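Here are my notes on this one, jotted down while going through the model. Have the structure open alongside as you read.

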Amino acid sequence: MPSRIFLACLAIFVVLSGSARATNTPELTYPTGTRLATESTVKGSSIGEIKFTGSNGTVSCTAAAPTGTLTKNNGSEVEVSLNSFSITGTGGDGRCTGASSQTYVSFLKSCLRSTPEMTEDEFQIRGAGCSEGSSAITVNFTTPGECVYEHTGAITGSYVTGSDAVLTANSPSFSKVSGGFLCATAFKLDTSFTFETSESGNPLSFSEGPTLTASGAKLGTGAALKGHTVGEITLTDLSGNSLLRCSSGATTGTLQKNNGTEVEVNIESAAYSGTGTEEGCTSSFGATHWTFGSSTNGLPWCLRATSAMTSDEFQIRGNSCSGESRPIRISADTLVGAPVCSYERKAPIAGTYKTHPEDAILSLEHAVLLEKEPRSPACADETQMDGSLTLERDEAGTNPMYIS
């Protein structure tokens, strides 16, 4: 059936445009949704106590105030050069308390980073400034004698998206490099803190919206995209009876938005085939090929994924992304000897996409119900589609994309 075949194409289209939500691609924003400019001065405020727990007990501090300069914030990477990291407590002269005695604690300068090479919602802090070579992270204690500790490698932690930028360290351990017998041989650090602008004192946030990436970098608008099917695309009636099965297909589109909170793709063409006669798709009317045309099928369509949707959701609607939404119309152009079945769906079609480290895959699972208009005894009243598609950047299909 023409319409059934077209439905399969629709499924593939949907999969194509979204390209799986990929790598960790953070974006620091203020106000929420607006990217903060580089060279902005930011400061942190601790949440709860800062605790250094060692073999001789725990040193408790009540406030930490890291300050620094935002040196990178391009939609897929965030870097903050921390110039100071003062820590205070409730003891005399603002010293931290516990363990041996009242203590001053200070960190040397360091670099806070979050990049696509890290796991989702991960940040790292390493020694030295962001423009300098990495070094160990050093912490100084005075008790009143000096105890110096180092953490080799980067401190790792996780951040919260979609609300205040809360960062929590993964209890890193530090080892003593100098100091007397009163200094613990090692300790672990437990701390969480928020970031805010130094000028306004208002909290910053990390974007939780999708970002389309290729080779670890955010993809620019205007990029041409190509999608390929993963497995079969099937169309069934609501009783589960098979109407159409296709084994391969391709769709093309153009990226319209990729700003850290929204991804939009104009779907512009699609063509599908299968393993039937002359490699046509298999339908209840025999093998067939089909393509989609703008006049009969209402192309272009708009595929969208935004921070306002549920996690890992995409939607597709009729018309280009810059135009007003219109119904999705479905009919086949090239089915010979079969009845013409036309379907229309006014509401957007929804599906889900996979996230990094998996390749970009968008899927529909019994998710697409297309109402037939006008009705015909030879056509199913309603249909549902199952299928998946992966998105690549190049014609060879060797450069997979991701959504973070």
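1. Start with Ser-171, which sits in the loop between β14 (166–169) and β15 (173–178). This is a predicted model, and here the backbone takes a positive phi of about 45 degrees even though Ser-171 is not a glycine. Ser-171 counts as partly exposed because its relative accessible area is 31%, between the 20% and 50% cut-offs.

2. Glu-39 is another non-glycine residue with a positive phi, near 75 degrees. Look for Glu-39 in the loop between β1 (28–29) and β2 (41–46). With a relative accessible area of 58%, Glu-39 is exposed.

3. Asn-319 is a loop residue too, placed between β29 (313–318) and β30 (328–330). Is Asn-319 buried or exposed? Its relative accessible area is 17%, so Asn-319 goes down as buried. A polar atom of the Asn-319 side chain lies 2.8 Å from the backbone oxygen of Glu-324.

4. Now the rings. The count comes to eight aromatic pairs. Among them is Phe-85 with Phe-193, edge-to-face, at 6.3 Å centre to centre and 80 degrees between the planes. This pair joins distant parts of the chain: Phe-85 belongs to strand β6 (residues 78–88) and Phe-193 to strand β17 (residues 192–197), 108 residues apart. Both partners are buried, Phe-85 with a relative accessible area of 12% and Phe-193 with 4%.

5. Tyr-149 and Phe-187 make another pair, with ring centres 4.8 Å apart and planes at 75 degrees, so this one is edge-to-face as well. Here the link runs from strand β12 (residues 146–151), which holds Tyr-149, to strand β16 (residues 186–190), which holds Phe-187, and the two are 38 residues apart. Tyr-149 is buried at 3% relative accessible area, and Phe-187 is buried at 6%. Ring pairs also tie both of them into a cluster with Phe-52, Phe-141 and Phe-174.

6. How many cavities of 30 Å³ or more does a search of the whole structure find? The search gives two.

Notes:
Residues are numbered from 1 along each chain as its sequence is written. This is a predicted model: local features need pLDDT of at least 70, side-chain atom pairs count only at pLDDT 80 or more; totals for chains, interfaces and linings use all residues. Side-chain values use heavy atoms; hydrogens and water are left out. Helices (H or I, at least four residues) and strands (E, at least two) are DSSP runs, numbered from the N terminus. Buried means under 20% relative accessible area, exposed over 50%, partly exposed in between (1.4 Å probe, protein chains only). A polar contact is a pair of N or O atoms within 3.5 Å; within protein, one must be able to donate a hydrogen and the other to accept it, and residues adjacent in sequence count only if both atoms are side-chain atoms. On a 1 Å grid over the protein atoms alone, a cavity is a set of points where a 1.4 Å probe fits but cannot get out, and a pocket is an open set with protein on both sides within 12 Å along at least five of seven lines; lining residues have an atom within 4 Å of a point. Grid points are joined across faces, edges and corners, and a volume is the space filled by probe spheres set on the points. Rings of Phe, Tyr and Trp (its six-membered ring) pair if their centres lie within 6.5 Å; planes under 30 degrees apart count as stacked, over 60 as edge-to-face and the rest as tilted.
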